[in-house]
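The questions below ask how some descriptions of a structure follow from their cut-offs.

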Amino acid sequence: METEGERRRERLSSRNPLTGDEVGDFPIMGPEEVRGLVDTARAAQAEWSRRSLEERAAALDRVRRLTAERSEEIARVIRAETGKVLGEALFETVVACDYLDYLTRTAPKALLARRAGTGWLSHRRARVVYDPFGVVGAITPWNYPFTISMSSVGTPVAAGNAVVLKPSEYTPATGQLVIELFAEGTGMENLVVLATGDGGTGEALIEAGVDKIAFTGSAETGKKVMAKAAGSLTPVVLELGGKDAMIVCEDADIERAARGAVWGAFYGCGQVCMSVERAYVADGVYNQFVEAVVAEARRVRTSDEPEAMVGSLIAPFQLEKVESQVRDAQTRGARVLLGGRPIKGPGHFYEPTVVVDVDHGMDLMREETFGPVLPIMRVRDEKEAVQLANDSPFGLDASIWTRDPARARRIAGQLRVGSVVVNDHLINYTIPDLPFGGVGHSGFGRVHGLEGLREFVRPKAWVEDRLALKREPYWFEEGSSGEGLVRSLLKFRHGQGTLRRVGAALGMLRGMKR
Ligand code: NDP
C-alpha cells in the first residue's frame with residue numbers, strides 16, 4: 001500500500017513567509033498535464049511565428065504598459081510570496097519594464113535576416129535568418145520571481161517562441177501574473193502557459209518535448225536539469241548561483257566601499273544570485289574598512305514592515321543554511337563582529353552579519369550562502385585578491401573598488417566571471433543591453449543584451465543564386481579529381497603577387513565556362 005510519504009501531493013499552496021497565510025493554491029502538474037501544455041503552446045507558436053517582428057515588438061510594449069499599470073498589485077503579490085520589502089518588490093517591476101522596453105526597441109533589428117559574405121563563391125548570395133526554436137521551457141527561482149520570469153518569458157517570445165513557464169513552488173501566484181500579462185499583451189491565451197508544481201513538474205517539463213530549456217536556479221539543480229536534457233539533446237541555458245567577490249584596493253574611497261558592501265551584501269536579505277558574498281580588502285585599509293562596514297551595517301533595519309530595508313528569508317531551509325555556515329566558520333576560528341543570530345518572531349529573519357578572520361577552508365567562503373552575511377578577508381595585495389577571488393567554482397559577478405581606472409581594468413581582465421562592476425555591485429543586471437550570465441558553476445549561456453536574445457533563435461544559413469550557371473566548376477568531372485581547379489583557387493585566394501592571382505582567376509573562369 002502507498003505510504004503517506006510516497007503519495008504525491010496534488011496541490012501546493014504558496015504561503016506568506018511573514019505571516020504563514022496562504023497566498024495561492026495551485027495544482028502540482030504531472031507529466032501528462034505538462035505535455036498537454038507544451039502541445040497547446042506549440043499550436044499557438046505556429047500563429048505567433050507568422051507575426052512580423054514589429055507586431056511582436058508592439059505586443060511586448062503592451063505587456064510593458066500593463067506591467068507598469070499593475071505594478072503596485074504585482075509588488076504586493078511578490079512581497080506576500082517572498083517576504084521581501086516593498087521597495088525591492090516594486091523594483092522588480094521596474095527592471096522588468098526596462099527590459100521589455102529594450103526588447104521592443106532591439107528585437108526587430110537584431111532578429112532581422114542578415115547578409116553574409118560568400119568568399120570565393122562570388123556567384124552566390126548568402127544570408128543568415130533567425131528561426132525561433134518553437135516551445136521554450138522556462139524554469140525560474142523564487143528570489144526574483146517576477147523579474148526573472150518576465151525576462152525568461154519575454155526574450156523567447158520576442159524571438160518568436162511560445163513558452164511554458166514553471167515558476168518556483170514558493171511563488172506560483174507571481175508566475176500566474178506573468179501569464180496574465182502576456183495573455184493580455186499578446187492577445188493570445190496559450191502563447192505563454194503556466195506549469196505549476198514542484199521539482200517533479202520541472203523534470204516533467206524537460207521531458208515534455210520542449211525545444212529549449214531556460215533554467216535559472218541553483219548549481220545543484222542546474223546539473224540535474226542538464227543531465228535530464230541530455231537524454232533528448234535539448235539545449236539549455238543555465239543561469240546558476242554565485243559567490244560574488246568584492247575587491248577593495250588601498251586607494252579606494254573607503255566610506256563609499258563600505259556603504260556599497262553593506263548594500264551589496266544585505267539587499268534582498270542577501271538572497272540575490274549576485275550578492276556580495278566575499279570581500280577581499282587590502283591590508284593598508286582593512287581596519288578602516290571593517291570599522292566602516294560595521295557602523296553602516298548597524299543602520300540596516302530588518303523587519304516585517306513594508307518599509308524596512310531588509311525583509312525575511314524565504315523559508316526555514318534558507319535560515320538553517322545561513323546559521324550552519326556562520327556556525328561552521330566560528331568553529332574554524334572566524335569572529336562575528338555584528339549579528340550572527342536569527343531574529344525571533346514571525347517570518348524567517350536573520351540579523352545582518354559581519355564576519356572576519358575567515359579563510360577558504362570555510363563553507364562561508366566557498367558555498368553560496370544566500371543570506372545577510374558579509375565575510376571580510378584581509379589580503380596582502382592586488383595579486384592575492386585576484387587569486388582568492390578566482391579560487392571558487394562559481395564565477396557570476398565581481399566588483400573592484402579603486403580610484404584608479406587603469407588598475408580597475410587590469411584587475412577586471414584577470415577575473416574569471418561573467419560581469420565586473422567598478423565601484424558598485426549588482427547594478428549590471430539592470431542594464432538591459434548587457435549580457436548576463438556566469439562561468440563555471442554559475443552556468444553558461446547568457447540572458448539580456450543581444451547575446452541573450454540570440455539564445456532563443458536558431459541561426460539558419462541560406463545560400464542562394466546570384467548568377468545561375470549551367471554547372472558548378474567544383475562538381476564531378478569525368479577523369480579528374482578537380483585538382484587543377486583547387487590549385488587555381490589556392491593561388492587566387494592565397495598566392496603571392498597580383499599577376500599570379502589574376503592568372504589563377506582567369507584559369508578558374510575558363511573552368512567555369514566549360
Ligand atoms: P532551485 O535550483 O532550487 O530551483 C529553481 C527552479 O528549479 C524552481 O522552479 C524549482 O522548482 C525547479 N526545480 C527543482 N528541482 C528541479 C528538477 N530536478 N528539475 C527541474 N526543475 C527543478 O533554486 P531556488 O529556487 O532555490 O533559487 C535560488 C538559486 O537560484 C540560487 O542558487 C541563486 O543563486 C540562483 N539564481 C541564479 C540567478 C542567475 O541569473 N544566475 C538569478 C536568481 C537566482 P521548485 O521551487 O518547485 O522546487
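Q: Leaving aside its neighbours within four places in sequence, which residues is alanine 398 in contact with?
A: Alanine 398 is in contact with Asp244, Ala245, Leu415, Val417, Ser419, Val420, Val421 and His425, where contact means heavy atoms within 4.5 Å. This is a predicted model, in which local features need pLDDT of at least 70, side-chain atom pairs count only at pLDDT 80 or more, and totals for chains, interfaces and linings use all residues. Residues are numbered from 1 along each chain as its sequence is written, and side-chain values use heavy atoms, leaving out hydrogens and water.

Q: Why is alanine 398 called buried?
A: Its relative accessible area is 3%, and buried means under 20% (exposed is over 50%, partly exposed in between; 1.4 Å probe, protein chains only). Alanine 398 is therefore buried.

Q: Why does cysteine 273 count as buried?
A: Cysteine 273 has 18% relative accessibility, so it counts as buried.

Q: How many disulfides does the structure hold?
A: The structure holds zero disulfides, a disulfide being a pair of cysteine sulfur atoms within 2.5 Å. For cysteine 273, the nearest cysteine sulfur, that of cysteine 269, is 15 Å away.

Q: Why are helix 5 and helix 6 called roughly parallel?
A: The axes of helix 5 (residues 147-158) and helix 6 (residues 172-186) cross at roughly 30°. Angles under 35 degrees count as roughly parallel (over 145 as roughly antiparallel, 65 to 115 as roughly perpendicular, the rest as oblique), so helix 5 and helix 6 are roughly parallel to each other.

Definitions and conventions: Axes fitted to C-alpha atoms, helices over the stretch in contact; angles between N-to-C directions. Helix = DSSP H or I, 4+ residues; strand = E, 2+ residues; numbered from the N terminus.
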